[in-house]
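Below is a short briefing on one protein model. Look at the sequence and the structure first, then read the points by topic.

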Amino acid sequence: MSEPTHIKHTIKKILDQYVICDMCGRSIKDDEDHNAYHKMNPHPSDMRGGLCVECVDYANHMAFDQAIEIVQDDLNEINKAKFMSLPFGKQCWIILKLDKMGAFKWTIG
Ligand SMILES: [Zn+2]
């Protein structure tokens, strides 16, 4: 027996308002208070996930600021200006990508 259509629609509506945080895997509400990637275009996550505010805070503590400085020092003026104009969440996402590629001597997270 399947659930009535109106229940299916309600569940879908609720699920559509949530995304999975790329860093911690928690489900978070997809709004600007909870998801750092909310309405970001192009979307910074391959998985169309999110980045919760707790992870952004955690990321702060994990020396993202320092990593951002290192990256901007390595860029030419044009790319540096582009990089610096990005929102913090997206800069963190780029740092994480670079970190995965082994760009830093230390590891984030
Ligand atoms: Zn998270």
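E32 lies in the loop between β2 and α2; helices (H or I, at least four residues) and strands (E, at least two) are DSSP runs, numbered from the N terminus. E32 counts as exposed, because 10 C-beta neighbours lie inside 10 Å. A residue is buried if 20 or more other C-beta atoms lie within 10 Å of its own, exposed if 12 or fewer, and partly exposed in between, with C-beta atoms placed from the backbone. E32 and D65 are 33 residues apart in sequence, and their C-alpha atoms are 21 Å apart in space.

This is a predicted model, in which local features need pLDDT of at least 70 and side-chain atom pairs count only at pLDDT 80 or more, while totals for chains, interfaces and linings use all residues. Residues are numbered from 1 along each chain as its sequence is written.

**Overall layout**

- The protein chain has five helices and two strands, and along the sequence they follow the pattern α-β-β-α-α-α-α.
- The radius of gyration of the protein chain is 17 Å, whereas a compact globule of 109 residues would have one near 13 Å. This radius is taken over C-alpha atoms, and the globule rule is 2.2 Å times the number of residues to the power 0.38.
- Along the principal axes, the C-alpha atoms of the protein chain fill a box of roughly 60 × 25 × 25 Å.
- Of the 109 residues in the protein chain, 20% are buried.
- Among contacts in the protein chain with a separation of 6 or more, 46% join residues 24 or more positions apart. Two residues are in contact if their C-beta atoms, placed from the backbone, lie within 7 Å.

**The nonpolar cores**

- The largest nonpolar core has nine residues: V19, C21, M23, I28, A36, Y37, L51, C52 and C55. A nonpolar core is a set of buried Ala, Val, Leu, Ile, Met, Phe, Trp, Tyr and Cys residues joined through C-beta atoms within 7 Å.
- A second, separate core of five residues includes A67, C92, W93 and I95.
- V19 is in strand β1 (residues 18–20) and counts as buried, because 23 C-beta neighbours lie inside 10 Å.
- Not counting residues up to four places away in sequence, V19 touches I28, D30, N35, G49 and G50.
- V19 and H38 are 19 residues apart in sequence, with 9.6 Å between their C-alpha atoms.
- I28, leaving aside its neighbours within four places in sequence, is in contact with Y18, V19, C21, H34, N35, G50 and C52.

**Exposed loop residues**

- C24 is in the loop between β1 and β2 and is exposed, with 12 other C-beta atoms within 10 Å.
- Leaving aside neighbours within four places in sequence, C24 is in contact with C52 and C55.
- C24 and N76 are 52 residues apart in sequence and 33 Å apart in space, C-alpha to C-alpha.
- K39 is in the loop between β2 (27–29) and α2 (53–61) and is exposed, with 9 other C-beta atoms within 10 Å.
- The phi of K39 is positive, near 60 degrees, in a residue other than glycine. Most residues other than glycine have a negative phi.

- Helix α1 (residues 5–16) has 12 residues, which at 1.5 Å a residue should span 16 Å, and the end C-alpha atoms are 16 Å apart, in agreement. The expected span of a helix is 1.5 Å times one less than its number of residues.
- The number of buried residues in α1 is zero, so α1 lies largely in the open.
- Helix α5 (residues 88–100) has 13 residues and should span 18 Å, which agrees with the 18 Å between its end C-alpha atoms.
- The buried residues of α5 are G89, Q91, C92, W93 and I95.
- After α5 comes G102, with a positive phi near 80 degrees.

**Packing of α3 against α5**

- Helix α3 (residues 64–74) and α5 pack at an angle of about 75 degrees, with their axes 10 Å apart. Axes are lines fitted to C-alpha atoms, for helices over the stretch in contact, and angles run from 0 to 180 degrees between N-to-C directions.
- α3 and α5 are therefore roughly perpendicular to each other. Angles under 35 degrees count as roughly parallel, over 145 as roughly antiparallel, 65 to 115 as roughly perpendicular and the rest as oblique.
- F64, A67, I68 and V71 of α3 make the contact with Q91, C92, I95 and L98 of α5.
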